[in-house]
Amino acid sequence: MNETTPPPGPTPSNPARPGPDPDRYADPDRYTDPDPRPPDAAPPPTPPPTPTGAPAPTPTGAPAPAPPPDPAAVADPDAEGVPLGRRTVLAVLGLGAAGVAAAPWLQRGLEAVLGPVADTDPTKLTGLLPGGGGFRYYSVAASVPRETAAGYQLTVGGLVERPAEFTLRALRALPQTRLVRDVQCVTGWRVPDTPFEGVRLSELLDAVGVRPEARAVRFTCFDGVYSESLTLEQARRSDVLVCLRMSDEPLSHAHGGPVRLYVAPMYFYKSAKWLSGISLTRDVRPGYWEERGYDVDAWVGRSNGRDDTPTV
């Protein structure tokens with residue numbers, strides 16, 4: 001996806017394994033195996049005495065006695081029935097406290113690592129991992145080229161009076177709007193109170209002049225695969241942005257930078273990442289996920305069979 005994928009399948013359960021006999025490990029010296037011989041069987045012959053220091057003889061055909069247990073194996077923390085020591089418990093608690101204190105740093109680290117990996121992950125399994133701030137990283141392309149700030153251009157054309165190209169510098173020079181909204185993915189995850197900042201799409205449309213026959217807007221991306229569409233009425237909403245910043249930082253490549261679409265009241269798959277083109281059209285053209293069954297009008301809580309709380 002650009003931002004979402006169909007929900008993953010159910011995870012198979014992991015049934016509990018039966019544990020060992022607790023009495024054997026609680027006190028081995030007190031544990032006695034039941035005598036398998038019948039009550040009227042003759043007692044086993046008594047072996048001859050063994051000289052001091054010599055190994056006991058092994059009867060012909062009998063298996064060699066088992067070696068004593070390996071102390072390292074008994075101390076294996078993954079083995080069942082072994083209690084955790086006080087130092088181990090304190091160490092785990094200490095790591096937990098450090099994780100809470102370092103949460104923002106860890107989130108940025110996860111974003112830096114998972115974002116580039118997800119771009120080239122053919123299995124898409126990285127999309128199941130939480131990234132910085134609770135986001136998941138998705139792409140429908142095998143890889144996505146990186147656009148630099150100096151080389152980026154956004155083309156606006158189609159049914160307009162004055163086709164134009166906007167550099168990143170030109171977009172930054174236009175009036176900026178900041179919105180703080182929840183992000184809701186159609187697969188279920190939600191990131192609350194996320195700041196987005198950029199140029200209202202309606203301002204770009206006014207700048208190029210929309211021709212009377214135009215009724216919809218189509219968006220294309222420099223990943224070469226993804227696309228999206230809105231009606232002209234939807235595109236002119238005040239909460240639809242050509243977004244340059246997220247969480248009060250420049251938009252990273254993993255989050256669709258340097259420029260992405262942001263449609264606040266709709267599921268996040270409508271907010272196309274790596275935006276490269278805007279085209280005015282006569283009719284709505286279904287986007288990448290709409291061609292695969294998702295709703296064209298993706299209002300949060302009122303589409304795709306979901307009842308999530310609206311994001312506005």
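**Exercise 1. Is Asp-206 buried, exposed or partly exposed, and which residue does Asp-206 form a salt bridge with?**

Step 1. Asp-206 has a relative accessibility of 48%. Buried means under 20% relative accessible area, exposed over 50%, and partly exposed in between (1.4 Å probe, protein chains only). Asp-206 therefore counts as partly exposed.

Step 2. A note on the source: this is a predicted model, where local features need pLDDT of at least 70 and side-chain atom pairs count only at pLDDT 80 or more, while totals for chains, interfaces and linings use all residues. Residues are numbered from 1 along each chain as its sequence is written, and side-chain values use heavy atoms, leaving out hydrogens and water.

Step 3. The salt-bridge partner of Asp-206 is Arg-236, with the closest N and O atoms 2.9 Å apart. A salt bridge here is a side-chain nitrogen of Lys or Arg within 4 Å of a carboxyl oxygen of Asp or Glu.

Step 4. Asp-206 lies in helix α6, and Arg-236 lies in the loop between α7 (232-235) and β7 (240-246), so the pair ties together parts that are 30 residues apart in sequence. Helices (H or I, at least four residues) and strands (E, at least two) are DSSP runs, numbered from the N terminus.

Step 5. Check the partner. Arg-236 has a relative accessible area of 34% and is partly exposed.

**Exercise 2. How many salt bridges does the structure hold, and which residues are linked in a network?**

Step 1. The structure holds 10 salt bridges.

Step 2. Take Asp-308. Its side chain meets that of Arg-306 in a salt bridge at 2.7 Å, N to O. Asp-308 is buried at 14% relative accessibility. Arg-306 is partly exposed at 27%.

Step 3. Take Glu-291. Its side chain meets that of Arg-292 in a salt bridge at 3.7 Å, N to O. Glu-291 is exposed at 58% relative accessibility. Arg-292 is partly exposed at 46%.

Step 4. The network links Glu-228, Lys-270 and Glu-290 through salt bridges.

**Exercise 3. In what order do the 5 strands of the open sheet stand, and which strands are at the edges?**

Step 1. The order is β2-β1-β10-β5-β6, and the pairing is mixed. Two strands pair if DSSP finds at least two bridges between them.

Step 2. β2 (164-167) and β6 (227-231) stand at the edges. Each has a single partner strand, so one side of each is left without a neighbour in the sheet.

Step 3. Neighbouring strands of this sheet are turned by 20° against each other on average, direction ignored. Axes are lines fitted to C-alpha atoms, for helices over the stretch in contact, and angles run from 0 to 180 degrees between N-to-C directions.

**Exercise 4. In which sense does β1 pair with β2, and in which sense with β10?**

Step 1. Start with β2. Strand β1 (residues 153-158) and β2 run antiparallel and are joined by 4 bridges. The two form a hairpin with 5 residues between them.

Step 2. Read off the partners in β2. Val-156 stands opposite Ala-164. Thr-155 has Glu-165 as its bridge partner.

Step 3. Turn to β10 (residues 275-281). β1 pairs with β10 in the parallel sense over 4 bridges. Here Gly-158 has Leu-280 as its bridge partner.

**Exercise 5. Where is Gly-209 found, and which residues is Gly-209 in contact with?**

Step 1. Gly-209 is in the loop between α6 (201-208) and β5 (216-221). Its relative accessible area is 12%, so Gly-209 is buried.

Step 2. Leave aside its neighbours within four places in sequence. Gly-209 is then in contact with Leu-159, Val-160, Glu-161 and Arg-162. Contact means heavy atoms within 4.5 Å.

Step 3. The C-alpha atoms of Gly-209 and Gly-157 are separated by 9.8 Å, and the two residues are 52 residues apart along the chain.

**Exercise 6. What backbone oxygen does the side chain of Thr-194 reach?**

Step 1. Thr-194 sits in strand β4 (residues 190-200). Thr-194 is buried at 4% relative accessibility.

Step 2. The side chain of Thr-194 reaches the backbone oxygen of Val-191 at 3.4 Å.

Step 3. Leaving aside neighbours within four places in sequence, Thr-194 is in contact with residues including Phe-135, Leu-179, Met-246 and Ser-247.

**Exercise 7. How many disulfides does the structure hold?**

Step 1. The count is 0 disulfides. A disulfide is a pair of cysteine sulfur atoms within 2.5 Å.

Step 2. Cys-185 is buried at 0% relative accessible area. Cys-221 is buried at 7%.

Conventions
A polar contact is a pair of N or O atoms within 3.5 Å; within protein, one must be able to donate a hydrogen and the other to accept it, and residues adjacent in sequence count only if both atoms are side-chain atoms.
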